[in-house]
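Good morning, colleagues. Please have the sequence and the model before you.

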Amino acid sequence: MALQPPGVCRGIVEELRLDHRVLTYDLRGTGGSSRAGPYDIETDAADLAAVVEEAGGGALAIALGDGARRSVRAADERPDLIHTVAVSGELPLGPISRAERSEALSDSPAVLEALLGLLEVDYRTGLRTMFTSSGDSEWHGMALHARLDATEEHCPAEAGVARMRAWVRDDSSDHGRALGHRLWYLHYPGNAWFKGALEAVRRDLPSARFAAVPDGVISRPEENAATIRRILAERRAAA
């Protein structure tokens with residue numbers, strides 16, 4: 001996830017490392033990676049496939065936020081490298097049709113364009129708006145300031161704004177449908193940016209599989225790791 005420092009996923013990484021090999025990396029333009037763009041979903045998907053190929057393939061990709069779309073693209077285009085994608089949350093892979101409007105903030109073109117404009121003018125304020133409007137009650141005081149500092153350091157405005165713009169205008173639904181049962185949604189309620197999107201996601205991805213978890217991989221790593229282990233065990237049993 002581009003707009004989050006790697007430390008926020010430490011819990012799920014450490015949990016799965018108990019019995020699996022876990023690979024993490026910095027997207028181009030973030031962390032220790034080069035500042036050479038472009039910062040678009042197609043390039044990011046190709047980079048993800050290249051990283052997995054270098055590591056030997058045979059991967060399950062755990063996707064958060066904007067990572068869902070690059071992950072389904074990479075898995076669709078390179079099934080020899082990524083056998084499964086597990087998305088944390090109720091993230092649509094493209095626009096929700098007007099016949100299926102949800103309560104999600106991400107379902108409003110006006111809201112998304114306003115957020116893009118704010119990020120372009122004042123990146124930190126745009127990030128603050130994204131975080132505090134998510135519905136997470138933990139964004140307060142020093143915790144929010146520390147998260148904003150870490151995010152700005154990890155993902156500077158040039159890369160962050162470009163990726164947000166690419167995400168707003170992208171539709172990776174065909175790639176998600178092509179994955180069929182190789183695509184899993186570990187879904188939970190709570191994030192206002194995607195509130196009410198689950199049923200639309202189910203209709204759009206009829207062959208995808210869904211597992212309810214109490215919260216996302218950041219807040220509840222143990223429960224999500226247990227679900228991922230079950231997914232991997234089921235795949236091994238079917239092989």
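At what angle do helix 4 and helix 5 pack, and how far apart are their axes? In this predicted model, helix 4, residues 109-121, packs against helix 5, residues 123-132, at an angle of about 140 degrees, and the axes lie 5 Å apart. Helix 4 is therefore oblique to helix 5, since only angles over 145 degrees count as roughly antiparallel. On the side of helix 4, the contact involves Leu115, Leu118, Leu119 and Val121. These meet Tyr123, Thr125, Gly126, Leu127, Thr129 and Met130 of helix 5. By class, this contact holds 7 nonpolar and 3 polar residues, with no charged residues.

I turn now to helices 2 and 3. Helix 2, residues 41-55, and helix 3, residues 67-77, pack at about 60 degrees with their axes 8 Å apart. These two helices are therefore oblique to each other, and the crossing is right-handed. Helix 2 contributes Ile41, Glu42, Asp44, Ala45, Leu48 and Ala49, while helix 3 contributes Arg69, Arg70, Ser71, Arg73 and Ala74. This contact has 5 nonpolar, 1 polar and 5 charged residues.

Finally, the aromatic residues. How many aromatic pairs does a search of the whole structure find? The search returns 1. The ring centres of Tyr185 and Phe210 are 5.5 Å apart and the planes stand at 20 degrees, so the pair is stacked. Tyr185 belongs to strand 3, residues 183-187, and Phe210 to strand 4, residues 209-212; the pair thus links distant parts of the chain, 25 residues apart. Tyr185 has 0% relative accessibility and so counts as buried.

Conventions: Residues are numbered from 1 along each chain as its sequence is written. This is a predicted model: local features need pLDDT of at least 70, side-chain atom pairs count only at pLDDT 80 or more; totals for chains, interfaces and linings use all residues. Side-chain values use heavy atoms; hydrogens and water are left out. Axes are lines fitted to C-alpha atoms, for helices over the stretch in contact, and angles run from 0 to 180 degrees between N-to-C directions. Helices (H or I, at least four residues) and strands (E, at least two) are DSSP runs, numbered from the N terminus. Angles under 35 degrees count as roughly parallel, over 145 as roughly antiparallel, 65 to 115 as roughly perpendicular and the rest as oblique. A crossing is left-handed if the near helix is turned anticlockwise from the far one by less than a right angle, and right-handed if clockwise. Contact means heavy atoms within 4.5 Å. Ala, Val, Leu, Ile, Met, Phe, Trp, Tyr, Cys and Pro count as nonpolar, Asp, Glu, Lys and Arg as charged, and the others, Gly among them, as polar. Rings of Phe, Tyr and Trp (its six-membered ring) pair if their centres lie within 6.5 Å; planes under 30 degrees apart count as stacked, over 60 as edge-to-face and the rest as tilted. Buried means under 20% relative accessible area, exposed over 50%, partly exposed in between (1.4 Å probe, protein chains only).
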